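Q: Please take a close look at one aromatic cluster in this model. Which rings form the cluster, and how are the rings placed?

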Amino acid sequence: MIKLWVLSDLHCELLGYPHRIDLPRPKCDVLVLAGDVDRAGNVVDKLRKMFGDRIPIVFVAGNHEHYQTGQTVQEDIDRLYQDAHADREAGRITHFLENDTVEMEVRGEPIRFIGATLWTDFKLFGNPYLAMSVAKRRMNDYALIKSNKAGVWELRPQETVEWHRESRAYIER
């Protein structure tokens, strides 16, 4: 049986460097980080400092990985892929997934991880247009995350809806 250790929302960006989160260490085969670990440029380094070199890591970004990085969401995603690739070249098993899949063999068993940030589509309460309007005015995402659109600084709800559609389509395929 493959044992996963699943964590999310560590929010190391709020703790200040070099703070370390001391968590109980269960015996596991793979560490899965499901978003909001730290800003994009710090994630892989932070994970290795916190969890060591030997544990395989699979992670996806949350919204906070993109807060105040000065980069677009796509640039942050590219950086996360580069950092995970560099970590693998250094001999550690690290995979970043954004509308992506990785297959690994663990204890002789194949396992597939499918990952995406899965931004909201604003449909939860039945009025996505109202929800997008409120989110634009009140959610930090739309003030602190840089848009992928040329000439636009702040992220817009319509972008996250499109990303949601892309991620759902990827996962369903």
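A: Phenylalanine 59 is buried, with a relative accessible area of 2%. Buried means under 20% relative accessible area, exposed over 50%, and partly exposed in between, with a 1.4 Å probe and protein chains only. The model is predicted: local features need pLDDT of at least 70, side-chain atom pairs count only at pLDDT 80 or more, and totals for chains, interfaces and linings use all residues. Residues are numbered from 1 along each chain as its sequence is written, and side-chain values use heavy atoms, with hydrogens and water left out.

Now the pairs. Rings of Phe, Tyr and Trp (its six-membered ring) pair if their centres lie within 6.5 Å; planes under 30 degrees apart count as stacked, over 60 as edge-to-face and the rest as tilted. That rule gives four aromatic pairs. In one of them, the ring centres of phenylalanine 59 and phenylalanine 96 are 5.2 Å apart. Their planes meet at 45°, so this pair is tilted. Phenylalanine 59 sits in strand β3 (residues 57-60) and phenylalanine 96 in strand β4 (residues 94-96), 37 residues apart. Helices (H or I, at least four residues) and strands (E, at least two) are DSSP runs, numbered from the N terminus.

Phenylalanine 96 is buried too, at 3% relative accessibility. Its ring also pairs with tyrosine 81: centres 4.8 Å apart, planes at 75°, so edge-to-face. Tyrosine 81 belongs to helix α2 (residues 73-89), so this pair ties strand β4 to a part 15 residues away in sequence. Tyrosine 81 is partly exposed, at 28%. Phe59, Tyr81 and Phe96 together make one aromatic cluster.
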